[in-house]
Amino acid sequence: MPELPEVETIKEALSRGIGRARIDDVVVRQGSLRQKVPDDLAAQICGALIHQYRRIAKYIIIDLNNSKSLVWHMGMSGKIKLSDKPPEKPEKNDHIIIATSNGVITYNDPRRFGLLICLPTIELSQHPLFAHIGIDPFDGGLTPQYLFDKLQTKKKTSVKQALLDQSLVAGIGNIYASEILYRARILPQRSSYSISFKECRALSEAICQVLQEAIRAGGSTLRDYQKPDGSFGYFQHQHCVYNKTGQACPDCICNAAKTGGIKKIILGGRSTFYCERIQK
Ligand SMILES: [Zn+2]
């Protein structure tokens with residue numbers, strides 16, 4: 001699933017590749033996504049100019065000059081493809097094709113968990129999709145004190161599950177949660193309540209660093225994720241613990257053959273990776 005760095009990468013690619021274009025045509029070939037694509041989507045957006053691209057958590061927001069915004073989520077397997085002209089023969093699972101004055105955006109989503117809806121821009125913050133979303137790692141509000149206060153209220157949850165809670169910090173997914181805790185040297189299974197203020201300092205720094213590095217690298221390539229230009233991100237090569245069961249972590253001096261290396265456990269139903277030598 002695209003996580004925050006992937007969504008940020010897609011948003012940047014749209015901004016660079018399409019920019020402030022006029023929407024000329026919309027073809028919905030398959031509208032049954034997680035939520036139904038509105039039947040009157042074309043009527044709502046054709047002729048409008050794209051004003052800006054934003055990201056809220058893992059949603060891409062495209063603000064138009066007619067006081068409406070497109071809200072786009074890539075679901076589990078959604079991809080955005082950019083091209084100069086509409087595809088002559090759309091590929092399988094090309095569900096939505098938006099032609100603009102500066103190129104064509106094609107949305108492909110084999111599993112159809114994605115979402116594309118259109119809302120009045122002023123209603124965005126009150127919409128159920130966004131009403132409970134926590135602060136964004138890059139908005140400057142992610143202080144050690146904020147994390148400490150929030151984690152204290154989550155007694156029964158592991159710190160790793162707390163990081164996945166979108167009402168706490170928006171946009172951290174399963175891969176980066178393991179990477180962030182490794183960077184902060186904190187064991188993922190520890191209770192949120194036990195994380196000290198000092199550790200919250202390390203954690204807030206790790207969240208920003210890991211996500212920023214991933215954005216710079218163009219997001220991860222895992223299963224379904226592909227950048228809009230068709231190339232693959234390469235942050236996976238920098239993963240320290242994710243999917244590396246049994247291997248030595250980059251900072252370990254121990255012999256992985258003897259210690260068993262990186263461990264995998266399941267927390268809240270999700271795979272979780274850590275090094276028990278480095279993380280406390
Ligand atoms: Zn290690």
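Helix α6 is covered by elements that include α1, α5 (159-164), α7 and β10. The model is predicted. In it, α6 spans residues 174-184 and is mostly covered, with 10 of its 11 residues buried. The buried set is N174, I175, Y176, A177, S178, E179, I180, L181, Y182 and A184. After the helix comes R185, which has a positive phi near 65°.

**Packing of α1 on α7**

Two of the elements that cover α6, α1 and α7, also pack on each other. Helix α1 runs over residues 4-17. The axes of α1 and α7 lie 8 Å apart, at an angle of about 40°. An angle under 35 degrees would count as roughly parallel, and one of 65 to 115 as roughly perpendicular. The pair is therefore oblique. The crossing of α1 past α7 is right-handed.

Which residues of α1 meet α7? They are L4, P5, E8 and T9, and on the α7 side their partners are L211, A214 and I215.

**The zinc site**

Three SG atoms coordinate the zinc ion, those of C249, C252 and C275, at 2.0 to 2.3 Å. Along the sequence the donor residues follow the spacing C-x2-C-x22-C. C249 sits in the loop between α7 (197-216) and α8 (256-259), while C275 sits in the segment after β10 (270-274), so this pair ties together parts 26 residues apart in sequence. C249 is buried, because its relative accessibility of 4% is under the 20% cut-off. C275, at 3%, is buried too.

**A residue in strand β6**

I98 belongs to strand β6, residues 94-100. Is I98 buried or exposed? Its relative accessibility is 2%, so I98 counts as buried. Beyond its neighbours within four places in sequence, I98 is in contact with I23, D25, V26, W72, G103, V104, I105 and L116. Q126 is 28 residues from I98 along the chain, and their C-alpha atoms are separated by 27 Å.

| Residue | Location | Relative accessibility |
|---|---|---|
| C249 | loop between α7 and α8 | 4% |
| C275 | segment after β10 | 3% |
| I98 | strand β6 | 2% |

Terms used. Residues numbered from 1 in each chain as written. Predicted model: local features only at pLDDT ≥ 70, side-chain atom pairs only at ≥ 80, totals over all residues. Heavy atoms only, no water. Donors = N, O, S within 2.8 Å, 3.2 Å for Na, K, Ca; no water. Buried < 20%, exposed > 50% of the residue type's maximum accessible area, 1.4 Å probe, protein only. Axes fitted to C-alpha atoms, helices over the stretch in contact; angles between N-to-C directions. Parallel < 35°, antiparallel > 145°, perpendicular 65-115°, else oblique. Left-handed = near helix turned anticlockwise from the far one by under 90°. Contact = heavy atoms within 4.5 Å.
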